[in-house]
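Here is a friendly walk through one protein model, written for someone who likes cut-offs next to the numbers. Please keep the viewer open as you read.

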Amino acid sequence: MALVKFENFSFTTSDKEILSDINFEVDEGEFVLICGPSGSGKTTLLSHLKKELRPNGKINGKVLFDSINIKDLDDTKSATDIGFLFQNPDNQLVTDTVIQEIAFPLENIGMETEEIRNRIAEMTAFFGLDKLLYKNVNELSGGEKQLVNLCSLLVLKPKLLLLDEPTSQLDPIASYEFLTILRRLNEEFSITIMINEHNVNNILPFADKVIFLNNGSVEYFNTKKNIIQEVANDEVFKFYLPDVSKINLLLREKYPKLKDEKIAISIREGRKLLNKIADDLEVFPKDTNKTLSEDYLYYNNEELVKTSGLYFAYNKENIILKDIEFTIKQGEFIGIVGGNGSGKTTLIQLLAGLLKPVKGKIMRKDIKIAYLYQNPMIHFSKETVEKELLLDNETELNNETRKLLKFFNIEHLIYQNPYDCSGGEQQKIAIIKAFMKKPDILILDEPSKGLDPLSKHDLAKKLQTLQSNDLTIVMTSHDLSFVANYFHRCIMLFDGGIQVDNDPKDIFAENNFYTTFVNRLVKDYIPNGVVLDDVKEKWNL
């Protein structure tokens with residue numbers, strides 16, 4: 001019997017049909033991945049499985065949980081049996097310390113104190129949080145916050161976990177660790193998991209089934225192996241395949257002996273298939289590393305920003321950045337990477353003048369800087385998208401703004417409240433607001449967060465066009481593939497300082513863990529292969 005069932009389900013707000021003709025079932029213990037373009041209805045779909053989070057609008061059809069219509073589900077059963085984890089870890093934290101946070105849901109259902117302590121002891125020991133019990137939640141890393149949020153759901157012993165892009169704000173290592181925990185919960189405890197996620201490289205190997213949503217409808221629904229073959233020739237959804245699968249599909253076209261093999265999803269599967277055609281594959285020697293200066297000869301030499309001996313700390317015991325020295329030149333496209341808590345956001349806020357260093361200097365030319373916060377909602381104060389994008393003294397949107405709306409494919413949102421938009425749509429609106437300031441330097445904190453792969457590609461191409469016209473762009477990112485594909489310079493932070501400042505491809509080619517999935521797969525054959533285009537070029541695919 002299905003644990004979750006959508007029957008002829010549709011959902012309409014006052015001005016738009018968000019979901020239409022949704023029909024699928026999820027059996028108990030299954031791990032289901034939900035993919036699709038930003039604004040396709042993924043978050044709305046999950047929200048309808050948690051009656052406390054259901055948005056206002058007209059509903060047709062049924063959503064059943066354990067054979068009970070969600071709207072008729074007992075409040076206690078809904079609270080305990082169905083857990084919902086939000087995209088932003090901070091949105092779910094409501095108390096001061098870790099132990100208070102985990103105890104909070106148990107106290108809400110009136111559990112006895114001794115039982116509460118028993119459950120917390122078991123849960124924190126299992127997840128290794130016992131040493132953080134009395135730590136303030138604001139002092140935790142992004143991965144730790146999300147783990148605490150997950151524990152606060154698991155102490156209720158849910159049957160179903162709903163997760164809305166839970167790794168979008170985590171660095172690659174923390175993201176993989178978090179997904180590994182989800183896999184354990186699914187395999188060892190048979191907790192049913194439904195998760196929205198744009199970056200499928202890590203998570204697709206864990207999934208049993210995959211749902212592809214597009215324009216509010218289920219475009220594809222199948223097992224992970226079958227769905228890859230289904231979407232391989234789909235111009236939209238092929239962007240959502242793991243890099244390993246993309247390479248495998250290209251190799252199948254060239255090497256007939258792979259035709260009857262199952263399409264690879266994981267690195268392990270991909271390497272096994274490469275070994276089957278190893279005699280046919282050309283192996284390339286490792287290229288000598290280029291210096292950054294050689295790559296930057298074509299840039300304007302004008303220095304816009306220069307830092308010297310830069311230090312920053314929120315208190316004496318917690319030094320965030322130390323002895324930071326680098327220069328930003330006109331027309332550069334710079335990515336800043338590093339683990340959660342490494343100081344990426346602090347550094348770009350110093351560059352933008354939002355924070356002041358405790359020691360050292362930041363020298364800026366007479367330039368205009370636009371800054372985009374990681375949480376796009378900080379930029380919104382009006383009741384419609386149109387009003388957010390009106391310049392001073394304007395009564396209607398100008399042609400340039402309309403072109404940007406068209407480019408990001410969000411013209412249909414102009415009369416909608418930005419707070420009612422999806423996370424990816426909010427990110428696009430905030431980016432347009434930043435573009436409209438016509439800055440000399442555009443500083444963006446995780447702008448690709450919440451964007452689907454196709455939107456990321458479109459965003460990168462737009463940024464590259466602006467950068468080629470001498471706009472300087474500095475942005476943080478956890479998406480190593482995004483950085484490797486589109487950036488010209490990468491600054492990696494570690495232990496409060498700049499560990500590496502180089503071409504991103506050179507950086508990731510040297511790493512074994514902090515690198516792209518493409519590089520992990522082909523490192524033995526193409527040591528400098530970091531992105532898909534590198535593999536296509538070398539192997540003529």
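The report below goes through sheets, aromatic rings, salt bridges and a few loop residues.

## Ground rules

This is a predicted model, in which local features need pLDDT of at least 70 and side-chain atom pairs count only at pLDDT 80 or more, while totals for chains, interfaces and linings use all residues. Residues are numbered from 1 along each chain as its sequence is written, and side-chain values use heavy atoms, with hydrogens and water left out.

Helices (H or I, at least four residues) and strands (E, at least two) are DSSP runs, numbered from the N terminus. Two strands pair if DSSP finds at least two bridges between them.

## The six-stranded sheet

Let's start with an open sheet of six strands, ordered β16-β17-β18-β14-β19-β20, whose pairing is mixed. Its edges are β16 (369-372) and β20 (497-502); each has a single partner strand, so one side of each is left without a neighbour in the sheet. From one strand to the next, the twist averages 15° (axes are lines fitted to C-alpha atoms, for helices over the stretch in contact, and angles run from 0 to 180 degrees between N-to-C directions).

At one end of that order, β19 (residues 489-494) pairs with β20 in the antiparallel sense over five bridges. C490 stands opposite N502 in β20, and L493 has I498 as its bridge partner in β20. The two strands form a hairpin with two residues between them, and D495 in the turn has a positive phi of about 55°.

## The four-stranded sheet

A second open sheet has four strands in the order β2-β1-β4-β5, with antiparallel pairing. Its edge strands are β2 (17-27) and β5 (68-69), each of which pairs on one side only. Strand β4 (residues 58-65) runs antiparallel to β5 and is joined to it by two bridges; L64 has N69 in β5 as its bridge partner.

The loop between β4 and β5 holds D66. Although D66 is not a glycine, its phi is positive, at about 55°. With a relative accessible area of 27%, D66 is partly exposed (buried means under 20% relative accessible area, exposed over 50%, partly exposed in between, with a 1.4 Å probe and protein chains only).

## Aromatic rings

Rings of Phe, Tyr and Trp (its six-membered ring) pair if their centres lie within 6.5 Å; planes under 30 degrees apart count as stacked, over 60 as edge-to-face and the rest as tilted. The count comes to 18 aromatic pairs by this rule. One of them is F6 with F9, an edge-to-face pair at 5.5 Å centre to centre with 85° between the planes. F6 is buried at 2% relative accessibility, and F9 is buried at 0%. Together with F24 and F221, F6 and F9 form one aromatic cluster.

Another edge-to-face pair is F212 and Y220, at 6.2 Å centre to centre and 85° between the planes. F212 is buried, with a relative accessible area of 3%, and Y220 is buried as well, at 15%.

Charges also meet rings here. A charge sits over a ring if NZ of Lys or CZ of Arg is within 6 Å of the ring centre and within 35 degrees of the ring normal. K359 has its charged end over the ring of Y311, 5.1 Å from the centre, and R520 has its charged end over the ring of F517, 4.7 Å from the centre.

## Salt bridges

The structure holds 26 salt bridges (a side-chain nitrogen of Lys or Arg within 4 Å of a carboxyl oxygen of Asp or Glu). Among them, E188 and R184 meet at 3.0 Å, N to O. Both lie in helix α6 (residues 172-189), four residues apart, about one turn of the helix.

Which residues does the bridge between K286 and E510 tie together in sequence terms? K286 and E510 meet at 2.9 Å, N to O. K286 lies in the loop between α9 (267-276) and α10 (292-295) and E510 in helix α17 (residues 504-510), so the pair ties together parts that are 224 residues apart in sequence.K456 and D479 form a further salt bridge, at 2.6 Å, N to O. K456 is buried at 14% relative accessibility, and D479 is buried at 15%. Salt bridges that share partners also join D66, K77, D81 and K159 into one network.

## Two exposed loop residues

K438 is found in the loop between α14 (423-435) and β17 (441-445). Although K438 is not a glycine, its phi is positive, at about 50°, and K438 is exposed at 54% relative accessibility.

N138 has its place in the loop between α4 (113-127) and α5 (142-154), and at 62% relative accessibility N138 counts as exposed. N138 and D96 are 42 residues apart in sequence and 7.8 Å apart in space, C-alpha to C-alpha.
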